[in-house]
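The structure is shown first.

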Amino acid sequence: MRITAEDLLRRGAERHRAGDIAGAEGFYRRAMRLAPGHPDAENLLGVAARQRGDLRVALDHAARAVAAMPDSPLFLSNQGAALAEAGQLGPAIAVMQRVLEMRPDDAVTLRNLGQALTAAGEAQAALAPLREAVRLAPLPEVWLALAHALKEAGERDEAREAARRVSGPLSAQAGFLLAALGEGEAPPRAPAAYVRELFDAFAPRFDAELEGALGYRTPALLAAMLEGRKPGRVLDLGCGTGLSGLALKPFATRLEGLDLSPRMLAEARGRGIYDALHEADLLEFLPKRPAAWDVVAAADVLNYLGDLAPAFCAIRKALRPGGTAVFSLERGEAPVALHEGMRFRHNPDHAARLAEKAGLRVEERRDAALRQEKGVEVAGVLFRMRR
């Protein structure tokens, strides 16, 4: 019996549904060899590449699928999702709006449009598609997206109500959002899944937004505190896309980076400045690397931890005797408080006492504006400490 491209696509789709992305891609590519440019194969290869995090390849396949069938709402929907994940929010929003003209009850595209609008700073405009999405498909992830949009739009009461509707694995993230809105006790740290997803989504546009509208300057400020220090082994905690690594590189004989977000790490890898990159949680990673680094730097990382004591103990253990830690904190009056921006603020005196109790001696402390948030400078404090 002769195998057709459609047979291979069906078998690939079965593998895809079972979670075997690599196996699915193998069938899709075989289908493409039998039928070059097959629009369904292009579309499915684009979906698979997006799930693997290869957004460049995903966009290429999505564009070819749409070029072959420009009025396919399915292909356009997948292209819109890929554009949004790649940080191309304007084109993504336009494509998703076109899909909804054809399929106004497409709950997935409604949710994706709402999330893209929220990320683009248009939270008020995001509310209508997200409210319609929860009406059509009241799933936990949709309620959570609506809750975040409502918070950004200033609708605090409705945001709390939406967050309370979230159940299952996402309930920890919803609880963190509720705590930021003043309901319930704040956890000792931001949920790792929240931080990972936040920065995965932010990775493609991270540099442009931080260095542009947000006036981000923390890495340069921390690097200035290392002036005159002999170069050594440096660990960049929460390295993100590598902006902090660029500032730290002159002080490193060996530079390593650590981050929870695989997409941030992919951006950092592209800079070619790190000798090693690690995808891990700092509280799990550092205790397994005793006396490994001369410098541990954390630019805008400890803001996602409420209880700093475990982090300070882990940093101390990871430093060589006489090693240096430099880090930033967002300044607060209370010992620790979760801000509505979903980051923790710390009282500098309280933080210094915790660090000294962990075995880190304060050598220098500076007040600084870390960046801007909604047009207002974020007050922070920079520390240099010695083991």
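In this predicted model, F199 has a relative accessible area of 16%. Because the limit for a buried residue is under 20%, F199 counts as buried. Y304 is likewise buried, at 12% relative accessibility.

A search of the whole structure gives six aromatic pairs, and F199 with Y304 is an aromatic pair of the edge-to-face kind. The pair joins distant parts of the chain, 105 residues apart: F199 sits in helix α12, whereas Y304 lies in the loop between β4 (293-298) and α18 (309-318).

| Residue | Location | Relative accessible area |
|---|---|---|
| F199 | helix α12 | 16% |
| Y304 | loop between β4 and α18 | 12% |

The ring centres of F199 and Y304 are 5.7 Å apart, with 85° between the planes.

F199 also takes part in the contact of α12 with α16. How do the axes of these two helices cross? The axes of α12 (residues 192-202) and α16 (residues 262-271) come within 7 Å and cross at roughly 45°. On the α12 side, the contact involves R196, F199 and D200; on the α16 side, P262, R263 and M264. Sorted by class, the contact has three nonpolar and three charged residues, and no polar ones.

Elsewhere among the aromatic residues, F176, Y194 and F344 form one aromatic cluster.

Note on methods:
Residues are numbered from 1 along each chain as its sequence is written. This is a predicted model: local features need pLDDT of at least 70, side-chain atom pairs count only at pLDDT 80 or more; totals for chains, interfaces and linings use all residues. Side-chain values use heavy atoms; hydrogens and water are left out. Axes are lines fitted to C-alpha atoms, for helices over the stretch in contact, and angles run from 0 to 180 degrees between N-to-C directions. Helices (H or I, at least four residues) and strands (E, at least two) are DSSP runs, numbered from the N terminus. Contact means heavy atoms within 4.5 Å. Ala, Val, Leu, Ile, Met, Phe, Trp, Tyr, Cys and Pro count as nonpolar, Asp, Glu, Lys and Arg as charged, and the others, Gly among them, as polar. Rings of Phe, Tyr and Trp (its six-membered ring) pair if their centres lie within 6.5 Å; planes under 30 degrees apart count as stacked, over 60 as edge-to-face and the rest as tilted. Buried means under 20% relative accessible area, exposed over 50%, partly exposed in between (1.4 Å probe, protein chains only).
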